[in-house]
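Subject: Structure handover

Hello,

Here is the structure for you to look at, with the sequence alongside. Please open it before reading on; my notes follow below.

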Amino acid sequence: MPRVLLVEDEPAIADTLVYALTTECFEVTHALTGSEGLAAFGENPHDLAILDIGLPDMTGLDVCRKLRETSNIPVLFLTARDSEVDRILGLELGGDDYVTKPFSPREIAARVRAILRRAGSAAAPVATEVAADEVVAVLHHDTSAMRIHCHGSVLDLTAHEYKLLLVLLARPGRVFTRDQLLDHAWEDPGAVTDRTIDAHIKSIRAKLRLVRPGAEDLIQTRRGLGYSLAL
Ligand code: CA
């Protein structure tokens, strides 16, 4: 059973997460503060840490830095504010990820499995019927080769298409506005227009269709809002 360290000070959130993860066959250690979490990690090795950013004694980012002094444990951050997301992204996460509150416990469980799979952990349990996980299973990001696979086939993406799909893939189900996609995938967002995003999405869809003919579109258009990866 993979062991998950959960550091979250809000009992209601922690309870639902412990329940969801235990149901999905993870062994969960729950800590209410950063120092409690670090102590628990020192006592027992864990396969993954879920760290709330806003903790009473230190930030989840501080906890992560401490953990990283002695281990390469993958981390999933829980964040309540978009301003925190910028700080998380500033860490230039490798195999790590973040989720913005409010989230569904199922989403977290799916994300944990995906991270463990990416980390190549033999401990990752086989996926159950969770829809979010199926999306992640259809698309696989090879971080070192900087390529995205779909059903095992490498997608022949341009650099911008790759970055765009990566943004969507990081947060299945979340709707990104065209502006957000521009910000994430272009170094100079001012130089391009919303239309550019639409054209690139169209091209990515075409490339996905080559690999999965007849299948439903993985990239959903939310009229008037933007795009999301199907959940
Ligand atoms: Ca908190």
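Which residue in β8 is the bridge partner of His149? It is Val154. Please keep in mind while reading that this is a predicted model.

The strands concerned belong to an open sheet of three strands, ordered β6-β7-β8 and paired in the antiparallel sense. At the edges are β6 (139–142) and β8 (153–154), each of which pairs on one side only. As background, the strands of a sheet pair through backbone hydrogen bonds, and the pairing can be parallel or antiparallel.

The two pairings can be taken in turn. Between β6 and β7 there are four bridges, in the antiparallel sense. These two strands form a hairpin with four residues between them, and Met146 in this hairpin has a positive phi near 50°. Strand β7 covers residues 147–150 and pairs with β8 over two bridges, again antiparallel. Here Cys150 stands opposite Ser153 of β8. β7 and β8 also make a hairpin, with two residues between the strands, and His151 in the turn takes a positive phi of about 50°.

A helix goes with this sheet. Helix α7, residues 159–170, lies across β6 and β7 and runs at about 115° to β6.

The calcium ion

Which protein residues are the donors of the calcium ion? They are Asp9 and Asp52, each through OD, and Gly54 through its O atom, at 2.2 to 2.3 Å from the ion. Written along the sequence, the spacing of the donor residues is D-x42-D-x1-G. Asp9 and Gly54 link distant parts of the chain, being 45 residues apart. Asp9 is in the loop between β1 (3–7) and α1 (11–23), while Gly54 is in the loop between β3 (48–52) and α3 (60–70).

Salt bridges

How many salt bridges does a search of the whole structure find? The search finds eleven. I describe some of them below.

One of them joins Glu8 and Lys101, with the closest N and O atoms 3.3 Å apart. Glu8 is in the loop between β1 and α1, and Lys101 is in the loop between β5 (97–100) and α5 (105–118), so this pair ties together parts of the chain that are 93 residues apart in sequence. Glu8 has 0% relative accessibility and therefore counts as buried. Lys101 is at 16%, so Lys101 counts as buried too.

Another pair lies within a helix. The side chains of Asp62 and Arg65 form a salt bridge at 3.2 Å, N to O. Why are these residues separated by about one helical turn? Because they are three residues apart in helix α3. Asp62 is partly exposed, at 30% relative accessibility. Arg65 is also partly exposed, with a relative accessible area of 45%.

Helix α5 holds a further pair. Glu107 and Arg111 form a salt bridge whose closest N and O atoms are 2.9 Å apart. Both residues lie in α5, four residues apart, which is about one turn of the helix. Both Glu107 and Arg111 are buried.

Some salt bridges share partners, and these join Glu8, Glu10, Asp52 and Lys101 into one network. Asp52 in this network is also one of the protein donors of the calcium ion.

One more residue

Finally, a note on Ala230. This residue lies in the segment after β11 (226–229). Is Ala230 buried or exposed? Its relative accessible area is 12%, and buried means under 20%, so Ala230 is buried. Ala230 and Glu216 are 14 residues apart in sequence, and their C-alpha atoms are 9.1 Å apart in space.

Where to look

If you want an order for going through the model, begin with the sheet β6-β7-β8 and the helix α7 that lies across β6 and β7. Then turn to the calcium ion with Asp9, Asp52 and Gly54. After that, follow the salt bridge from Glu8 to Lys101 and the network that also includes Glu10 and Asp52.

Regards

Note on methods
Residues are numbered from 1 along each chain as its sequence is written. This is a predicted model: local features need pLDDT of at least 70, side-chain atom pairs count only at pLDDT 80 or more; totals for chains, interfaces and linings use all residues. Side-chain values use heavy atoms; hydrogens and water are left out. Donors are N, O and S atoms within 2.8 Å of the metal (3.2 Å for Na, K and Ca); water is not among the atoms, so sites may look incomplete. Two strands pair if DSSP finds at least two bridges between them. Contact means heavy atoms within 4.5 Å. Axes are lines fitted to C-alpha atoms, for helices over the stretch in contact, and angles run from 0 to 180 degrees between N-to-C directions. A salt bridge is a side-chain nitrogen of Lys or Arg within 4 Å of a carboxyl oxygen of Asp or Glu. Buried means under 20% relative accessible area, exposed over 50%, partly exposed in between (1.4 Å probe, protein chains only).
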